[in-house]
Each structure stands twice: as structure tokens, then as C-alpha cells.
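Good morning, and thank you for coming. Please look at the structure as I speak.

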Amino acid sequence: MLNPAARNSKKLDGSAVLAAYARWAPVYDLVFAGPLYWGRRAAVSHLNKLEGNVLEAGVGTGMSLPLYGDHLKISGIDVSDDMLQRARKRVAHRDNIQDLQVMDAGELAYPDNHFDAVVAMYLITVVPDPEKVMRELERVTKPGGTVLLVNHFSAQSGVRAKFEQGLERFGHRLGWNPEFPRSRILGRTQLELEHEETLPPFKLFTLMSFRKPE
Ligand SMILES: C[S@@+](CC[C@H](N)C(=O)[O-])C[C@H]1O[C@@H](n2cnc3c(N)ncnc32)[C@H](O)[C@@H]1O
């Protein structure tokens, strides 16, 4: 029997993700403004305590962008231009948004050690190669800098685990891996996990804060 990672890698590929988010883009804000709000707010509150430049990978329609303090310089990337076009409209008047570019989080066109902080909200379970994305997030972060993830991670047992296993077959169409344990991204890089908390609604989401060693 295939493990979840192997099953998922058969279901999600780059073109499936692009097609899924082209479909999601027109209704994304309507569907996901509410359920994903707490995670965005928690992550950006954390980042607003820092200084410098921040990369938001998988910025989507940019719902988090208005939450950032003016003291931070924000770059956003997303693989879907359909999603990004909405982000650009949302922040046309904001000076702290430096650039919003179409880019694959698995192949970031930024130099090593470039950002004071990097954040990926609801991204790591929608990419075909999460380990590669984690390495890229680490690479572009300055030594001593912060990497923040907000995501849903699958349950190991119980009703929720069964439900997530059931959803797995729709992963390709949804552009999302419902069956994705947190262990899959831990210990794959030099990043040190400093803080972890579960978030509403119903503790469905987790915020993880990592530090890149000096
Ligand atoms: C669930 S949405 C989250 C969007 C946003 N972070 C939010 O809080 O609403 C996932 C986003 O990741 C983007 N994405 C998927 N694969 C990607 C990749 N390889 N590189 C960059 N962005 C990607 C999708 O296009 C989509 O906009």
C-alpha cells in the first residue's frame, strides 16, 4: 500500500493545481475569507512584531496583505496568475507591498538569505513537492530569520482521519492534499521549530514558527 505522500504525489501536479486555482479564483474570497481568517490574522500579527522584508509564498488573492504593518516591505508570489490578479487589485494603493509576482514556491527567483521572514499560509498541502518548497523557504530566509507556516495537517486517527482519507480522492480536483501529516515537513531542513499552536475554527489549523540557524 502506498504511503500518503506517495498517493498524494500521484494526485497533485503543477497543472492540476493551476487548473484548480483558475476555477477557485472568482469565488475564492467568498468561500475562504471566513474559515482561513484566524490563521492569516495570527501569522501576520506575529510578523508585524518583526522588522524588514517579508516574503509571502502562495499569497493567493492577497487577503492577508492589508493586515501587514506599514513598517514591513512585503513581496508576494503565487503560481496562479488568476489568483494574483485579484491580489494586485486589492493592494493597488499600498506602498508597503513591494512586488507581487507569478512564481513557483519550489523554484524561488530570489537570492539566498534575502528575507527577514518568509510565510506560507495554506500552501504546503497544495504543492506537488512540499519538501522542495520547504528547502526554498529556508534558502531565501536570512540566518536568524523566521519561517512561518499556517496549515491544516491531517489527523492520525479517529473520525477526522477517516474523513480526510475519504476526501483524498478529490485532491486532484480540489488542488489540495487533505491527508498530510505535520511530520512530513518536520526535520527535512535545518529550520528549528520554535513555536506551534492550533487555531480556530475547531483547532483545524496549525501555526508553526521556525527559526533559521545563524
Ligand atoms: C489555499 S490557497 C491560499 C492562498 C492564501 N495564502 C490565503 O491565505 O488565502 C493556496 C495558494 O497557493 C498557490 N500555489 C499552489 N501551488 C503553488 C506553488 N507551487 N507556488 C506558489 N504558489 C502556489 C495557489 O495558486 C493558491 O493561490
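A backbone N or O atom of glycine 58 lies 2.8 Å from a nitrogen atom of the ligand; a polar contact here is a pair of N or O atoms within 3.5 Å. This is a predicted model, in which local features need pLDDT of at least 70, side-chain atom pairs count only at pLDDT 80 or more, and totals for chains, interfaces and linings use all residues. Residues are numbered from 1 along each chain as its sequence is written, and side-chain values use heavy atoms, with hydrogens and water left out.

In aspartate 78, a side-chain N or O atom is 2.6 Å from an oxygen atom of the ligand. In aspartate 104, such a side-chain atom is 2.9 Å from a nitrogen atom of the ligand. On its own, the ligand has 600 Å² of accessible area, and the protein covers 96% of that; these areas come from the Shrake-Rupley method with a 1.4 Å probe.

Which elements give two or more residues to the shell around the ligand? They are α2, residues 14-24, and β2. Helices (H or I, at least four residues) and strands (E, at least two) are DSSP runs, numbered from the N terminus. The ligand is surrounded by 20 residues, and the closest are Tyr28, Arg40, Gly58, Asp78 and Ala105; to be counted, a residue needs a heavy atom within 4 Å. By class, the shell has 14 nonpolar, three polar and three charged residues.

Strand β2 spans residues 72-78 and includes lysine 73. Lysine 73 is partly exposed, at 40% relative accessible area; buried means under 20%, exposed over 50%, and partly exposed in between, with a 1.4 Å probe and protein chains only. Leaving aside residues up to four places away in sequence, lysine 73 touches Gly52, Asn53, Val54, Asn96 and Gln98, where contact means heavy atoms within 4.5 Å.

I now turn to the salt bridges, of which the structure holds 11. The criterion is a side-chain nitrogen of Lys or Arg within 4 Å of a carboxyl oxygen of Asp or Glu.

One of them joins arginine 94 to aspartate 70, with the closest N and O atoms 3.2 Å apart. The pair links distant parts of the chain, 24 residues apart: arginine 94 is in the loop between α5 and β3, and aspartate 70 in the loop between β1 and β2.

Glutamate 107 sits in the loop between β3 and β4 and lysine 132 in helix α6, so the pair ties together parts 25 residues apart in sequence. Glutamate 107 is exposed, at 52%, and lysine 132 partly exposed, at 30%.

Aspartate 116 and lysine 142 form another salt bridge, their closest N and O atoms being 3.2 Å apart. Because aspartate 116 lies in strand β4 and lysine 142 in strand β5, this pair ties together parts 26 residues apart in sequence. Finally, salt bridges that share partners join Asp112, Glu136 and Arg139 into one network.

How values were computed. A polar contact is a pair of N or O atoms within 3.5 Å; within protein, one must be able to donate a hydrogen and the other to accept it, and residues adjacent in sequence count only if both atoms are side-chain atoms. Ala, Val, Leu, Ile, Met, Phe, Trp, Tyr, Cys and Pro count as nonpolar, Asp, Glu, Lys and Arg as charged, and the others, Gly among them, as polar.
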